[in-house]
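Please prepare a briefing on the charged side chains of the protein shown below. The points are grouped by topic.

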Amino acid sequence: MQPLPDQASMNTPQDPAQIIVVPEWPTPGKRFLVERDGQQEIWLVKDNNGTIEFIDSSTQQTKFWIRLGRCLSFSYLQGPGAPPHDFGAMGQPAHHTVPPDCKVWNGRTWSQTYAVQMPRLSNPCYYGARRKATVEGTPGRRHVTSDSSVEITGPGVRGGYSTTQYRVIYSEEMQFSKELAWLHWAQGGVLRELKE
């Protein structure tokens, strides 16, 4: 795979109201009711470092956790019974939702090459992603759909090469993801924010 140069389109809209600024980090203490793989669970924003705990709604026990990077990018997964996938070990995390400047508008594109390190592998797998955002809705209630086409190469990939599609939908109202399919382990929809 030829690494993609990290770049983001900068054809900034003339109307600043068309630009959505995604929070640098999710708000600590926020809780969301999520349906993932047919089961309901609670996602708790644990701290200022973007740590999200996945809590079983029936037992109130933490099943596993992830860590987001800046701009709600994906950084780290500690899955149940699986080695951690560190998206920030070999460079910047995967900016699935918006580019690294945390700004997005309808039609904005960006690309990057990033590496995912897994403990069982001495070398990382490289991900080359091309992304495009679509913005719909009225200000304050807009949704950003970020579609990614990703090429994956490395020792952890059967045959050394694979391609996949990712989609993340961000809710301006919730200031969080509404739907996500980052990887096979995290496909779900946020039903609503849980208020105290």
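What percentage of the 196 residues of the protein chain count as buried? The share is 49%, where buried means under 20% relative accessible area, exposed means over 50% and partly exposed lies in between (1.4 Å probe, protein chains only). This is a predicted model, in which local features need pLDDT of at least 70 and side-chain atom pairs count only at pLDDT 80 or more, while totals for chains, interfaces and linings use all residues. Residues are numbered from 1 along each chain as its sequence is written, and side-chain values use heavy atoms, with hydrogens and water left out.

**Overall architecture**

- The protein chain contains 15 strands and zero helices; these are DSSP runs (helices H or I, at least four residues; strands E, at least two), numbered from the N terminus.
- Among contacts in the protein chain with a separation of 6 or more, 47% are between residues 24 or more positions apart, a contact being heavy atoms within 4.5 Å.
- The protein chain has an accessible surface of about 9,800 Å², and carbon and sulfur atoms contribute 47% of that surface (Shrake-Rupley method, 1.4 Å probe; for residues, only the protein chains shown count as cover).

**Salt bridges**

- The whole structure holds eight salt bridges, each defined as a side-chain nitrogen of Lys or Arg within 4 Å of a carboxyl oxygen of Asp or Glu.
- One of them pairs Lys30 with Glu193 at 3.7 Å, N to O.
- Lys30 sits in the loop between strand S2 (20-21) and strand S3 (31-36) and Glu193 in strand S15 (residues 187-194), so this pair ties together parts 163 residues apart in sequence.
- Both Lys30 and Glu193 are buried.
- Glu193 also forms a salt bridge with Lys195 (3.6 Å, N to O), and Lys195 is exposed at 63% relative accessible area.
- Through shared partners, Lys30, Glu193 and Lys195 are joined into one network of salt bridges.
- Arg167 and Asp147 form a further salt bridge at 2.6 Å, N to O.
- Because Arg167 belongs to strand S13 (residues 161-171) and Asp147 to strand S12 (residues 143-153), the pair links parts 20 residues apart in sequence.
- Arg167 is partly exposed at 44% relative accessibility, and Asp147 is partly exposed at 28%.

**A buried arginine without a salt bridge**

- Arg131 lies in strand S11 (residues 125-136).
- Although buried, Arg131 has no salt bridge, and Asp6, the nearest side chain of opposite charge, is 8.7 Å away (Lys and Arg count as positive, Asp and Glu as negative; His and the chain ends are not counted).
- Beyond its neighbours within four places in sequence, Arg131 has contacts that include Trp110, Tyr114, Asp147 and Ser148.
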